[in-house]
Amino acid sequence: MSEVPRGKPKSGRFWRTPGTKSSSKIALRSLKTSWSKRQSEREEKKILKLYQQQLKDAKQKAKEEKKQRIEEHKARREENKKKAEIVQKITNSKKLKRLSKKQFKMIEKR
């Protein structure tokens with residue numbers, strides 16, 4: 001069936017496609033699905049949700065382990081740093097007054 005060429009539409013909107021009459025539209029089948037199909041879809045969805053939860057839990061666990069490892073590493077590094085420090089005890093308090101500002105800032109009290 002060859003299409004008859006259309007003339008210029010009255011509205012001037014030539015890009016619009018002509019509509020179809022409602023009487024010529026095909027009626028759709030009912031959108032209801034069978035009970036067994038709904039049950040199977042529900043089961044699939046349940047399995048998928050469970051799998052997603054497992055993945056999320058595994059990711060969270062890995063993240064927690066990594067965080068814990070980093071904390072342990074940081075604590076160990078700090079401990080080693082304190083062990084390696086050279087400490088000099090200041091018994092004469094007059095010595096503190098003689099220090100320059102820069103030297104005084106470097107002193108740590110423990």
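**View 1. Phe 14, with a relative accessibility of 62%, counts as exposed.** This is a predicted model, and here we zoom in on an aromatic pair. Phe 14 clears the cut-off for exposed, which is over 50% relative accessible area. Trp 15 is exposed too, with a relative accessible area of 58%. How many aromatic pairs does the pairing rule give? The count comes to 1 aromatic pair. The rings of Phe 14 and Trp 15 have their centres 5.2 Å apart, and their planes sit at 85°, so this pair is edge-to-face.

**View 2. Lys 32, Arg 38, Arg 42, Lys 45 and Lys 49 form a positive surface patch.** Take Lys 49 as your landmark here. You'll find Lys 49 in helix 1, which covers residues 35–84. Is Lys 49 buried or exposed? Lys 49 is exposed, at a relative accessible area of 58%.

**View 3. Ile 90, Leu 96, Phe 104 and Ile 107 make a nonpolar surface patch.** The patch comes to about 320 Å². For this close-up, Leu 96 is a handy place to start. Leu 96 lies in helix 2, made up of residues 94–98. With a relative accessibility of 31%, Leu 96 counts as partly exposed.

Conventions:
Residues are numbered from 1 along each chain as its sequence is written. This is a predicted model: local features need pLDDT of at least 70, side-chain atom pairs count only at pLDDT 80 or more; totals for chains, interfaces and linings use all residues. Side-chain values use heavy atoms; hydrogens and water are left out. Patches are made of residues with over 30% relative accessible area and no salt bridge: like charges are joined within 9 Å, nonpolar side chains (Val, Leu, Ile, Met, Phe, Trp, Tyr) within 5 Å. Accessible areas come from the Shrake-Rupley method with a 1.4 Å probe; for residues, only the protein chains shown count as cover. A salt bridge is a side-chain nitrogen of Lys or Arg within 4 Å of a carboxyl oxygen of Asp or Glu. Lys and Arg count as positive and Asp and Glu as negative; His and the chain ends are not counted. The place of a charge is taken as NZ of Lys, CZ of Arg, CG of Asp or CD of Glu. Helices (H or I, at least four residues) and strands (E, at least two) are DSSP runs, numbered from the N terminus. Buried means under 20% relative accessible area, exposed over 50%, partly exposed in between (1.4 Å probe, protein chains only). Rings of Phe, Tyr and Trp (its six-membered ring) pair if their centres lie within 6.5 Å; planes under 30 degrees apart count as stacked, over 60 as edge-to-face and the rest as tilted.
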